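Please read these notes with the model open beside you. Take the points in order and find each residue as you go.

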Amino acid sequence: MRRTRQLVLLASLVLGAVASPGSASDWSFQVTPYAWFTGLSGEVGTSAGRDPVDLDLSFGDILGDLDAAGMLLGSARKGPWGLLFDTTFSRVTPSEVLGGVFLSGVEIESTTRTLTLAAGRRVFLREQASIDIYAGARAWWLDNDVTLRTAGGRTLRTDQSENWIDPIVGVSGVWRPRDRWALFAALEAGGFGITADRQSSVFVGASYAFNEL
């Protein structure tokens, strides 16, 4: 049984946003590329029958091993109802000198892709603030290429791939202190023992719209 339990904390500065505004009876759309600063802790298992692995990575740990990353958030809204699309890509290559009798070192190239689709409803609305609740699913694709170096100088390579889908529920809020600036936060839970044992995340950030909303 796959076990994935993680707590992810992200502090995000949105790089830009484009939107198509409308009246309350029209659809409005927003697309936001963003960058994140993240740490990861918890335990993750990717192979059936194997014990989960403890993780405790700071933002500095992840940044030092980061090869490439990309994130895109999109939303569509009509009245109080909304649809959410979020996708992320990251590749990290951590390495460790083991200095053992049999193994001298290990390097892992880990590629993670996620795709989130959710639907929600606005439950609180004021001139400068709003709160939404939402539910949906997040798909994960995880690829690990492992390179082991033996004490005798040989190189051994293996790869592991896993993919799964977690149900998610969440609550999000937005506060707009000025016309084009917005501060936002979201609290999310998922997994519920269906695929992952437990998944939880806290997301906070700020955005700036280059055109009028």
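1. Start with a term. A residue is buried under 20% relative accessible area, exposed over 50%, and partly exposed in between (1.4 Å probe, protein chains only). By that rule Phe 29 is partly exposed, because its relative accessible area is 44%. Trp 27 is partly exposed too, at 41%.

2. Know what you are looking at. This is a predicted model: local features need pLDDT of at least 70, side-chain atom pairs count only at pLDDT 80 or more, and totals for chains, interfaces and linings use all residues. Residues are numbered from 1 along each chain as its sequence is written, and side-chain values use heavy atoms, with hydrogens and water left out.

3. Check the confidence. pLDDT is the predictor's confidence in each residue, from 0 to 100. The mean for the protein chain is 77, and 74% of its residues reach 70 or more. Over residues 1-17 the pLDDT is below 50, and this stretch has 87 contacts in the model beyond near neighbours in sequence. A contact means heavy atoms within 4.5 Å. Where pLDDT is low, the predicted coordinates should not be read in detail.

4. Now the overall layout. Helices (H or I, at least four residues) and strands (E, at least two) are DSSP runs, numbered from the N terminus. The protein chain has 1 helix and 12 strands. Their order from the N terminus is β-β-β-β-α-β-β-β-β-β-β-β-β. Of the 213 residues, 31% count as buried. Among contacts with a separation of 6 or more, 57% join residues 24 or more positions apart.

5. Follow the strand pairing. Two strands pair if DSSP finds at least two bridges between them. Strand 5 (residues 66-78) runs antiparallel to strand 6 (residues 81-92), over 12 bridges. Arg 77 has Gly 82 of strand 6 as its bridge partner. The hairpin of these two strands has 2 residues between them, and Gly 79 there takes a positive phi near 60°. Strand 6 also pairs with strand 8 (residues 103-125), again antiparallel and over 12 bridges. Here Gly 82 stands opposite Gly 120.

6. Look at the rings. Rings of Phe, Tyr and Trp (its six-membered ring) pair if their centres lie within 6.5 Å; planes under 30 degrees apart count as stacked, over 60 as edge-to-face, and the rest as tilted. The count is 3 aromatic pairs. Trp 27 and Phe 29 are stacked, because their ring centres lie 6.5 Å apart with planes at 20°. Phe 184 and Phe 203 are stacked as well, because their centres are 5.6 Å apart and their planes are at 20°. Phe 184 sits in strand 11 (residues 181-190) and Phe 203 in strand 12 (residues 198-208), so the pair ties together parts 19 residues apart in sequence. Are Phe 184 and Phe 203 buried or exposed? Both are buried.

7. One charge deserves a look. A charge sits over a ring if NZ of Lys or CZ of Arg is within 6 Å of the ring centre and within 35 degrees of the ring normal. Arg 121 lies over the face of Trp 81, at 5.1 Å from the ring centre.

8. Finish at Glu 96. This residue is found in strand 7 (residues 95-97). Glu 96 counts as partly exposed because its relative accessibility is 49%. Leaving out residues up to four places away in sequence, Glu 96 touches Gly 105 and Val 106. Its C-alpha atom is 9.0 Å from that of Ile 108, 12 residues apart along the chain.
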